[in-house]
Structure formats: structure tokens, C-alpha cells
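Colleague: I have the model open and some time to go through it. Can you walk me through the helices, the charged pairs and the sheet?

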Amino acid sequence: MAEMGSKGVTAGKIASNVQKKLTRAQEKVLQKLGKADETKDEQFEQCVQNFNKQLTEGTRLQKDLRTYLASVKAMHEASKKLSECLQEVYEPEWPGRDEANKIAENNDLLWMDYHQKLVDQALLTMDTYLGQFPDIKSRIAKRGRKLVDYDSARHHYESLQTAKKKDEAKIAKAEEELIKAQKVFEEMNVDLQEELPSLWNSRVGFYVNTFQSIAGLEENFHKEMSKLNQNLNDVLVSLEKQHGSNTFTVKAQPSDSAPEKGNKSPSPPPDGSPAATPEIRVNHEPEPASGASPGATIPKSPSQPAEASEVVGGTQEPGETAASEATSSSLPAVVVETFSATVNGAVEGSTTTGRLDLPPGFMFKVQAQHDYTATDTDELQLKAGDVVLVIPFQNPEEQDEGWLMGVKESDWNQHKELEKCRGVFPENFTERVQ
């Protein structure tokens, strides 16, 4: 009997719920068709719009924060592998091995601590903040249903009152249902009217605390990581200094004879230096016949520049002529290679002086090896592969170390206006090509 009674109650509750859904659906249809008025609360609707916006922003922030944490974890793994690689290549007899290993351990601990603090102070707080939204969202939806029930009860009561044949019993019952529906709706409505504005205003403090925590943690992390990196740099500098033979270098350092940092192409060497001496290469070709004239012309190698043959042919100084004759008499089959830029102090690129298709004062060409984003109006925006025509500064005192003045070849060919096209750019982003 108890089971039957329980089943009867359950069946009755289901039937009641089904009837409520049908009544609500009918009421909504009538309201959309304009045959029934609908209770409106513009202030509450604005609160609901703010709630939905706040939920969307919070969900996005949570997603991006999880992505940030995943990136921190990936960087931790990459840093750990890099440290392990250094430990493997660091030979036992090298000074500073123990210090380098200790730095690697501290590096690993620092990454782990940073990740955990981000989880505790940012992600968990974010999860707690968003945890209150599902319940409020459910209550907003329930309030909407109760509002439809209230409008339906009100319309039913009004229709009974305006009927030609009034049934007092039905009117009394309809009034009772209207009062009950109104009470349930107003209780939910009052609570949400108080909670939604308060929740909307709380977002400011939450965002401030969250991003302050992230910024503070990141600042401390980078400070500590900077100290470890400086310690590692000191260890490697010590290793470099103690390795007297200089057969290897841990970090790239230009030698005394190499150009300074940023100079991709060395300047022509000064007169008298080993690089200024014409290189003599033995051409393994058969010697000329014994009947050949001592003054016969020496055939040029395919790689010999035309300028070189012209210099050897007639514009040498007396000393250079003697040196050439001595070389010719000692080596019957040689190719003498020289550069027109170093003969008689001629400047490289002099053949282009005064050419109309190049900007005034053109010195040489460089090609961008990397992209460079201009940070000021007087800088050139470069893409890898861009060719730049280098020109001198109008005021040499304005030239900063490591910077050149120039105009992109594409801009010059298109506009031919130096004032609009020229700009400065970092030399170490480019490589000299001509």
C-alpha cells in the first residue's frame, strides 16, 4: 500500500509539472502574439545582461590563465632540458662544474615554485570566483519561469472577473493561486535584485587582486632567475678565462682581429697588412712552350676579376711592376689576384660614383638577415631579405654606434626621393653584400 501511495504521489507530481509546462508554453505564445501582456523589469534585465557579460569575461580569463600556466610548465620543461644538456657537455676537469650543477638545481626549483604559486594564488581564486555563477544562473532561469506563472495566474484571474457568468468559487481559487504565484516570484526577484548588482561590482576588486598576484609572482620569479643567470654567466666567464689555449669558447666572442659586434662585413684592410698583399695561387697548368716570349700575356683564370687584369696590364706603380716581373720570372704559370679597391688607394664602389640610379653618397649595399620592427619615425622597417643602400649621415655626430643610415632599394627605385625614404637601422641585423 505504501508503494502504491508513493507511486500515486509521484505520478501526481509529474502530472502537475507537465501541466505547469503546458501553461507556461501557452502563456509565452500569447505574450509573443501580443494577446497577453508581459510583466517587464528593465532594471533587472540590465542586471542579467551584466551578469552574462561578467560570466563570459570570467570564463575567458580562466581559460587564458590555464593556457598561461601550461606555457609556464612547458618553459620549465624546456629550461630543465637545456640545463641537463649543459651538465652533460660540461667536462669533469672544467672549473665550475659543481657550481653549474647547483645553479641548474636551483633553476628547476624556482620554476616549480613559480608554477605552484600561480596555481594557489591565481587559478584556485579564479575557480572559486566562477563557482558562484552556475547557482545564480539557475536562479535567474527559475525566476523567469515563476514570472510566467505569475502572469498566467494574473490573466486567468482577470478573465474570470470579466466573464459574463461569474463563478465566485473559481474566482476565489484563482485569486488564491495568483497571490501564491506572486509571493514566490517576488521572493526570488528581491534576492536577485540585491545579489546581481553586488556581484557585478565585485569584478573590479577580483580583477585587481588576480592580476596583482600574477604580476608580483612574475616579478619575483624574474628577479631570482636573473640572479641565477648572472651566476651561470660568471661561471662560464671563469671557464673561458682559464682555458688558455682558446681552442673553444663557451659563448660567442669576437676575437681581436674580428670586426666589432654588429659589423657583418669588415672594411678593406689597410695598406701593408697581410690581407692587402695580392694573393698568389699556383695554377696547375702546363708551362708555356720554351719558344714563348718572356713578355707573353699570362692567361687569366676564369675567377680572375676583369679589374685585376686591367690593373696588372698597365696602372701599376714602379714597385708593383718590379714585384710582378719578379713573380713572373720565378713562377712560370701563376694567376695573380688583387682587388681594385686596394690599388692606388681607390675606394670600393668608386665605379658607382655619380650613377643616377643610386642615391647621392651611396657607399655599399647590405641585406637584412632578420626582421626589424621600427620603434621610431626615423628608423627603417626591415624584413629578412630586404636590400638597403647605405649612405652617410648628414651630420656624422648624430650617428650612434652600431647604426647605419640608408634607404631600402625597393623604396629608392620607386620614389627616388631620399628625404622620404631614408632612415637608420641596426647594423647587426644586416650583412654586407656589395
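**Helices, salt bridges and sheet**

Modeller: Gln-212 lies in helix 5. Keep in mind that this is a predicted model.

Colleague: Is Gln-212 buried or exposed?

Modeller: Gln-212 is exposed, at a relative accessible area of 52%. The cut-off for exposed is over 50%.

Colleague: And what is the C-alpha separation of Gln-212 and Ala-122?

Modeller: Their C-alpha atoms are separated by 9.6 Å, while along the chain Gln-212 and Ala-122 are 90 residues apart.

Colleague: Staying with helix 5, at what angle does its axis cross that of helix 4?

Modeller: The two axes cross at roughly 150° and come within 8 Å. Helix 4 and helix 5 are therefore roughly antiparallel, since angles over 145 degrees count that way.

Colleague: Left-handed or right-handed?

Modeller: The crossing of helix 4 and helix 5 is left-handed. By class, the residues in this contact are 18 nonpolar, four polar and 11 charged.

Colleague: What about helix 2 and helix 3, how do their axes cross?

Modeller: At roughly 170°, with the axes coming within 10 Å. That makes helix 2 roughly antiparallel to helix 3. The contact of helix 2 with helix 3 has 18 nonpolar residues, 11 polar ones and six charged ones.

Colleague: Where does Ala-70 lie?

Modeller: Ala-70 lies in helix 2, which covers residues 42-89. Ala-70 counts as partly exposed, with 46% relative accessibility. The C-alpha atoms of Ala-70 and His-115 are separated by 9.2 Å, and the two residues are 45 apart along the chain.

Colleague: Now the charges. How many salt bridges does the structure hold?

Modeller: The structure holds 13 salt bridges. One of them joins the side chains of Asp-113 and Lys-117, at 3.3 Å from N to O.

Colleague: Which helix are Asp-113 and Lys-117 in?

Modeller: Both lie in helix 3, residues 97-130, and they are four residues apart, about one turn of the helix. Asp-113 is partly exposed at 36% relative accessibility. Lys-117 is partly exposed too, at 35%.

Colleague: What is the N to O distance for Arg-139 and Asp-135?

Modeller: It is 3.7 Å, in a salt bridge between the side chains of Arg-139 and Asp-135. Arg-139 and Asp-135 are separated by about one helical turn because they are four residues apart in helix 4, residues 133-161. Asp-135 counts as partly exposed, at 47% relative accessibility.

Colleague: And which residue does Lys-223 form a salt bridge with?

Modeller: Lys-223 forms one with Glu-219, and the closest N and O atoms are 3.6 Å apart. Lys-223 is partly exposed at 47% relative accessibility, and Glu-219 is partly exposed at 47%. Lys-223 and Glu-219 are four residues apart in helix 5, residues 168-242, so about one helical turn separates them.

Colleague: How many bridges join strand 3 to strand 4?

Modeller: Four bridges join strand 3 (residues 364-368) to strand 4 (residues 387-391), and the two run antiparallel. Phe-364 stands opposite Val-390 in strand 4.

Colleague: And how do strand 5 and strand 6 pair?

Modeller: Strand 5 (residues 403-408) pairs with strand 6 in the antiparallel sense, over four bridges. Trp-403 stands opposite Pro-426 in strand 6.

Colleague: Last one. Which residues are on the faces of strand 6?

Modeller: Gly-423 and Phe-425 are on one side, and Val-424 and Pro-426 are on the other. All of these are buried, and both faces of strand 6 are covered. The cut-off for buried is under 20% relative accessible area.

Key. Residues numbered from 1 in each chain as written. Predicted model: local features only at pLDDT ≥ 70, side-chain atom pairs only at ≥ 80, totals over all residues. Heavy atoms only, no water. Salt bridge = Lys/Arg side-chain N within 4 Å of Asp/Glu carboxyl O. Buried < 20%, exposed > 50% of the residue type's maximum accessible area, 1.4 Å probe, protein only. Pairing = 2+ DSSP bridges. Axes fitted to C-alpha atoms, helices over the stretch in contact; angles between N-to-C directions. Parallel < 35°, antiparallel > 145°, perpendicular 65-115°, else oblique. Nonpolar A, V, L, I, M, F, W, Y, C, P; charged D, E, K, R; others polar. Left-handed = near helix turned anticlockwise from the far one by under 90°.
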